[in-house]
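Biologist: Please take a close look at a single helix in this model and at what surrounds it. A plain account will do.

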Amino acid sequence: MTSRVRVHNFSVSLDGFGTGEGQSLEAPFGHAGHRLLEWALPTRTFQAMGFHGAQEPSVGVDEAFASRWNTGVGVEIMGRNKFAPSRGPWDEQWRGWWGDDPPFHTPVVVLTHHPRPVLELGGGNSFHFLDAPPAVALDHARGLAAGGDVRIGGGATTIRQFVEADLIDEMHIALVPILLGRGVRLWDGMEGLEERFHIEATPSPGGVTHLSFRRDR
């Protein structure tokens with residue numbers, strides 16, 4: 001059985017932006033800051049990853065969706081801008097945003113036009129830098145996944161490329177009730193997406209709407 005290709009916990013604003021404008025070392029999500037993630041940060045799953053303070057974790061609807069992100073996943077594919085704020089040739093001293101023990105605990109394929117040697121970090125994390133179109137990157141990732149599913153980790157451009165290539169099986173998008181006005185859009189060019197996926201919407205008491213996209217192959 002072929003492993004499935006999944007998206008989890010990716011947030012978009014009401015006007016369709018998956019990240020803000022002006023990403024930098026000081027502002028990983030651009031001008032959006034953490035506004036797209038405020039539904040997720042209090043959840044038990046995100047607190048366990050060390051992304052929030054010591055407040056009592058939430059265990060309701062938001063946690064039910066957040067907790068699915070790594071079950072059965074053997075590898076992640078992410079775009080370069082999720083790994084680093086820089087463009088062009090690498091400063092190979094850069095080892096990602098997450099310190100010596102990132103939360104993935106699997107191999108991660110980073111899509112970039114500037115491949116570099118594999119970066120091994122603690123906790124089973126390894127970063128593989130690949131210049132390839134989505135279908136080739138997926139084949140490469142499956143070779144690293146030990147039979148597990150493949151998570152497409154973002155950002156918006158990377159997810160859109162995999163949807164356009166018709167490679168996504170499941171997708172969880174959190175629709176966040178904010179307007180960003182600028183940044184990187186997720187939905188551009190995806191007219192008729194509802195004809196390819198079964199879509200369910202689950203409201204959260206916190207105001208987020210969890211959209212679940214699923215297709216049968």
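Modeller: Buried here means under 20% relative accessible area, exposed over 50%, and partly exposed in between (1.4 Å probe, protein chains only). Helices (H or I, at least four residues) and strands (E, at least two) are DSSP runs, numbered from the N terminus. This is a predicted model, in which local features need pLDDT of at least 70, side-chain atom pairs count only at pLDDT 80 or more, and totals for chains, interfaces and linings use all residues. Residues are numbered from 1 along each chain as its sequence is written, and side-chain values use heavy atoms, with hydrogens and water left out.

Helix α4 spans residues 134-144, and its buried residues are P134, A137, L138 and A141. These residues lie on the same side of α4 because they cover an arc of only 100° around the axis, the arc being that of the directions from the helix axis to the C-beta atoms. An α-helix has 3.6 residues a turn, so residues three or four places apart point the same way. On the face of α4 turned away from the buried side are the exposed residues D139 and G143.

The buried residues of α4 are covered by elements including the strands β1 (5-13), β3 (73-79), β4 (107-111), β6 (126-130) and β7 (149-154), together with helix α5 (156-164); contact means heavy atoms within 4.5 Å.

After α4 comes A146, with a positive phi near 50°. Most residues other than glycine have a negative phi, and most peptide bonds are trans. The peptide bond from G154 to G155 is cis, with omega near 5°, and G155 sits in the loop between β7 and α5.
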